[in-house]
Amino acid sequence: MITFHLARAENGVIGVDGKLPWHLPADLKRFKARTTGKPMVMGRKTFESFPAPLPGRRHIVLTRDPNWRSDGAEIAHSVEDALTLAGAGDIAVIGGAEVFALLLDRAERIELTEVALAPEGDAIVPAFVGWRETAREANDAEGGRPAYSFVTLERA
C-alpha cells in the first residue's frame, strides 16, 4: 500500500527553503511512528533537508540527476524504479510536492497533518480532492504553536 505522509498548511504550503514552516513535535512523533520500518520514497530535496538519514527506515530518493549520490540513499531515476526498490508491502511517500504529484494516482491512503496557518512557502501541494476522510484528531493551538489536525484520507 502506498501512503502519503505530510503536513500541509491551509494555503497548500508544505515547505519553505527546504524546511517546514512550523515546528509541531506531535507531528514529528506521529511521522516517526508511522514511517519507522518502512521504505520511504522521497525527492532529493526532501532527503537533503534531513541532517542525517532517519534511523530505522530506508531512504529511496527519486532524482533526475544521474550523478547524484549520498550516504544512506538508495537512488531511483523513475517512479517505477523507486517502487521496485521499495518492494511489496507498505511504502511511505514523504515528499516533496513533485513526488506527491507523480505518485498521487497510485496512493491509497494519505496521513495528513492539516496545519492552521497560511505561511509563505515555495513547496505547495494542492488540496486532495475525491478522497474520503476516515479519521480526524483535532489539536488546539498551544505555546505559540498553531492548531492542527491529524487526518486520514482514503481513496474514495
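F47 sits at 6% relative accessibility and so counts as buried (buried means under 20% relative accessible area, exposed over 50%, partly exposed in between, with a 1.4 Å probe and protein chains only). W68 is buried too, at 9%. This is a predicted model, in which local features need pLDDT of at least 70 and side-chain atom pairs count only at pLDDT 80 or more, while totals for chains, interfaces and linings use all residues. Residues are numbered from 1 along each chain as its sequence is written, and side-chain values use heavy atoms, leaving out hydrogens and water.

On to the rings. Phe, Tyr and Trp rings (for Trp, the six-membered one) pair if their centres lie within 6.5 Å; planes under 30 degrees apart are stacked, over 60 edge-to-face and the rest tilted. That rule gives 4 aromatic pairs. With centres 5.7 Å apart and planes at 85 degrees, F47 and W68 are therefore an edge-to-face pair. The two lie 21 residues apart and link distant parts of the chain, F47 being in helix α2 (residues 44–48) and W68 in the loop between β4 (58–62) and β5 (73–76). Elsewhere, ring pairs tie F4, F100 and F128 into a cluster.

As for the whole protein chain, there are 4 helices and 10 strands (DSSP runs numbered from the N terminus: H or I of at least four residues for helices, E of at least two for strands). Of the 156 residues, 42% are buried. Among contacts with a separation of 6 or more, 61% come from residues 24 or more positions apart, a contact being heavy atoms within 4.5 Å.
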